Amino acid sequence: MTLRTARLVLRDMSEDDLPALRAILTDPVAMTAYEGAFTEAESQAWLARNLQRYAEDGFGLWAVELADAPGEMIGQCGITRQRIEDDEVLEVGYHFQRAHWHRGYATEAAAASRDWAFRELDAPTVWAKVRDTNIPSIHVATRLGMTVRRRFVTRYRGVDMPHLGFAVDR
Ligand SMILES: CC(C)(COP(=O)(O)OP(=O)(O)OC[C@H]1O[C@@H](n2cnc3c(N)ncnc32)[C@H](O)[C@@H]1OP(=O)(O)O)[C@@H](O)C(=O)NCCC(=O)NCCS
C-alpha cells in the first residue's frame, strides 16, 4: 500500500522501521496518553501486531515519510479495526515523532487515511478513539470533521481511561 498526499508518503511498515517506531513509542512525552513510554518488548509487540493486521485485514497503521526526504519514517498513521465497547469500528490512528509535531502532518496523513477507508473499504463512518485528556489528538479529530459520538472507558496498562469516540460519516 502506498498513499501520497501533498507533503507525505504513507507506506507499509516493515521490521526495518522498528528504530523509528521506537523513537515514538519510547518517548514518555509522546506516550502521555498511553500512560508513559513503552518498553522494548511493548514496542516490538506493537510492530508485530501491526504486521499481523496487514496480513489479516490488508491494512493497518502505515509508516509516514516526508515526500521530499524519503526513507525516514517520521510517524505512523492509518486505519485499524478497533472495539468501542461491544461494537467493532474502523479507526484512524496517528502518532508522530515529537520533532515533527505542529506542522500539520498528522492531520494531512489522517485525512488521507480517512478518505482511503471511505473509498477502498466503503466505510460509512471512520472513528477516532481519543483519551479525554489528549488535547492535540482531539484537535486532529476535529480537523478531520469528526464530532463526539460516544463516551466510554478503556482499561489499558492497568488504568481506567475515559475516552471520547469521535467519528465522521462518508
Ligand atoms: C496527536 C499528534 C499526532 C498531533 O500532532 P500535531 O502536530 O498537534 O497535529 P498536526 O500534525 O495536525 O499539526 C497541527 C499544528 O500544525 C500547525 N501547522 C503548521 N504548519 C501547518 C501546515 N502547513 N498545515 C497545517 N497545519 C500546520 C497547525 O497550526 C497546528 O498548530 P498547533 O499544534 O499549534 O495547534 C501528536 O501530538 C502525537 O503524536 N501525539 C502522541 C501520540 C498520540 O497521542 N496520538 C493520538 C492517539 S489518540
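Is the crossing of α1 and α2 left-handed or right-handed? The views below come from a predicted model, and the first one takes up that pair.

**View 1. Helices α1 and α2 cross at roughly 120°.** Here α1 covers residues 18–25 and α2 covers residues 40–57, with their axes coming within 10 Å. That angle makes α1 oblique to α2, and the crossing is right-handed. On the α1 side, look for Leu 18, Leu 21, Arg 22 and Leu 25; α2 brings Glu 40, Ser 43, Gln 44, Trp 46 and Leu 47. Sorted by class, that contact comes to five nonpolar, two polar and two charged residues.

**View 2. The largest nonpolar core has 48 residues.** Ile 79, Val 92, Tyr 94, Phe 96 and Met 146 are the ones that touch the most other members. Helix α3 (residues 105–120) gives this core its largest share, nine residues. Another core, of five residues, lies apart from it, and Ile 84, Val 89, Trp 127 and Ala 167 are among them.

**View 3. A closer look at Val 92 and what it touches.** Setting aside residues up to four places away in sequence, Val 92 touches Cys 77, Gly 78, Ile 79, Ala 110, Ser 113, Val 126, Trp 127, Ala 128, Leu 144 and Met 146.

**View 4. Leu 10 sits in strand β2 (residues 8–11).** Leu 10 counts as buried because its relative accessibility is 0%. Beyond its neighbours within four places in sequence, Leu 10 is in contact with residues including Met 1, Leu 3, Trp 62, Val 64, Cys 77 and Ala 109. Gln 76 is 66 residues from Leu 10 in sequence, yet their C-alpha atoms are 8.2 Å apart in space.

Note on methods:
Residues are numbered from 1 along each chain as its sequence is written. This is a predicted model: local features need pLDDT of at least 70, side-chain atom pairs count only at pLDDT 80 or more; totals for chains, interfaces and linings use all residues. Side-chain values use heavy atoms; hydrogens and water are left out. A nonpolar core is a set of buried Ala, Val, Leu, Ile, Met, Phe, Trp, Tyr and Cys residues joined through side-chain atoms within 4.5 Å. Buried means under 20% relative accessible area, exposed over 50%, partly exposed in between (1.4 Å probe, protein chains only). Helices (H or I, at least four residues) and strands (E, at least two) are DSSP runs, numbered from the N terminus. Contact means heavy atoms within 4.5 Å. Axes are lines fitted to C-alpha atoms, for helices over the stretch in contact, and angles run from 0 to 180 degrees between N-to-C directions. Angles under 35 degrees count as roughly parallel, over 145 as roughly antiparallel, 65 to 115 as roughly perpendicular and the rest as oblique. A crossing is left-handed if the near helix is turned anticlockwise from the far one by less than a right angle, and right-handed if clockwise. Ala, Val, Leu, Ile, Met, Phe, Trp, Tyr, Cys and Pro count as nonpolar, Asp, Glu, Lys and Arg as charged, and the others, Gly among them, as polar.
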